[in-house]
Amino acid sequence: MEHDLPPNLQDYSQGALRRQVLRQGLTHWLTLYPPALGLPLGFAAYLFNTPLLYLAALGGIALGMGSAIINIFFRGDALSSRYLQELAGQLREQEQQALEELRRELEQTRAVSGAEDHAGQAVEQLDQLRAKLDNLSRLLTEKFQQGELSYGRFLGAAEQVQMGGFDNLRQIVSLLKSVGGIDLDYLEKRLRQIDKLADLAEADRKERETLLRRQQLRISQLEQVNELLAANEEAMTAIQETAAAVAAMSTNSPLAKGDLETAIAQLQQVAARAKHY
């Protein structure tokens, strides 16, 4: 399985899992090769009227069909788990380099005048998001085997919440860079100078309006930064709440399956909201 882009929320859905099971079941070598060999044997058996070749052809076709049935209907959980492990591996590989660059950019935004607290909170969130996912991963390892389907779905949903948080931090970098291009000291200085004028010329009024629009743009962008930071706090709370639920969960309980689905659905909803931002 190859992904040019990082895995997204839809890759972890039940529908995606079913499609992967079907694809892997139909493309398994035992599904493809025996029938591929059996068909020419059947043609040869027809030409030469050889019962042994008929049996070999039927055996190849039966083996291929049997492989597809076993993989799709009896090995679905194992194939789904392998698929989820592949997604997790891709995510970790693509994530590391991107996060190092993200940290450098966030650190640089600390120099934006008037946005030091926003930048500082964003840097802390980067570390907190990673720490909370690591904690949840450890709890999942204690409750489930790493090859289990529940483990993979849980971790996949949590990783999508984390990735949504990282996407928000990247948006914050862009917004703070834009804010940094608006010189607040200059704006306030020019507005004070214009307001001191006894008689405003038309050019002065236009300049004042322009300066106020620029000032409002800066305020609006910082408000967007606040919204993204708040969304990340929600994401971290969801991961923390899920970790608490996992810690209290008994996987042998008859209610465990419902608990699992509820917790996974909560994580997926938070990830979807993060994507909305």
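Before I show you anything, let me give one definition, which is that a residue is called buried when its relative accessible area is under 20%, exposed when it is over 50%, and partly exposed in between. Please also keep in mind that what we are looking at is a predicted model.

Let me start with Asn 232, which has its place in helix 8, the helix that runs over residues 202-248. Is Asn 232 buried or exposed? Its relative accessible area is 0%, and because that is under 20%, Asn 232 counts as buried. If we set aside the residues up to four places away in sequence, Asn 232 touches Gln 125, Gly 164, Gly 165, Asn 168 and Leu 169.

As a general remark, in soluble globular proteins nonpolar side chains tend to be buried together. In this model the largest nonpolar core has 23 residues, and those that touch the most other members are Leu 102, Leu 106, Leu 126, Phe 166, Leu 169, Ile 172 and Leu 176. Two or more residues of this core come from each of helix 4 (76-108), helix 5 (116-143), helix 6 (149-180) and helix 8. Which helix gives the most to this core? That is helix 6, which contributes eight residues. There is also a second, separate core of 22 residues, and Val 161, Ala 238, Met 249 and Ala 271 are among its members.

Now let me turn to a pair of helices. In general, two packed helices are described by the angle between their axes and the distance between the axes. For helix 7, which covers residues 184-195, and helix 8, the axes come within 10 Å and cross at roughly 150°, and the crossing of these two helices is left-handed. Among the residues that meet here are Leu 187, Leu 191 and Ile 194 from helix 7, together with Leu 211, Leu 212 and Arg 218 from helix 8. What kinds of residue make up the contact of helix 7 with helix 8? They divide into seven nonpolar, one polar and eight charged.

Charged residues bring me to my last topic, and in general side chains of opposite charge can pair when their charged atoms come close. The structure holds eight salt bridges, and I will go through three of them.

The side chains of Arg 104 and Glu 101 form a salt bridge at 2.4 Å, N to O, and both residues lie in helix 4, three residues apart, which is about one turn of the helix. Arg 104 is partly exposed at 46% relative accessibility, and Glu 101 is partly exposed at 36%.

The next pair is Glu 105 and Lys 177, whose side chains meet at 3.7 Å, N to O. Because Glu 105 lies in helix 4 and Lys 177 in helix 6, this pair ties together parts that are 72 residues apart in sequence. Glu 105 has a relative accessible area of 22% and is partly exposed, as is Lys 177, with 45%.

Finally, Glu 202 and Arg 205 meet through their side chains at 2.8 Å, N to O, and since they are three residues apart in helix 8, about one helical turn separates them. Glu 202 is partly exposed at 46% relative accessibility, and Arg 205 is partly exposed at 39%.

Key:
Residues are numbered from 1 along each chain as its sequence is written. This is a predicted model: local features need pLDDT of at least 70, side-chain atom pairs count only at pLDDT 80 or more; totals for chains, interfaces and linings use all residues. Side-chain values use heavy atoms; hydrogens and water are left out. Helices (H or I, at least four residues) and strands (E, at least two) are DSSP runs, numbered from the N terminus. Buried means under 20% relative accessible area, exposed over 50%, partly exposed in between (1.4 Å probe, protein chains only). Contact means heavy atoms within 4.5 Å. A nonpolar core is a set of buried Ala, Val, Leu, Ile, Met, Phe, Trp, Tyr and Cys residues joined through side-chain atoms within 4.5 Å. Axes are lines fitted to C-alpha atoms, for helices over the stretch in contact, and angles run from 0 to 180 degrees between N-to-C directions. A crossing is left-handed if the near helix is turned anticlockwise from the far one by less than a right angle, and right-handed if clockwise. Ala, Val, Leu, Ile, Met, Phe, Trp, Tyr, Cys and Pro count as nonpolar, Asp, Glu, Lys and Arg as charged, and the others, Gly among them, as polar. A salt bridge is a side-chain nitrogen of Lys or Arg within 4 Å of a carboxyl oxygen of Asp or Glu.
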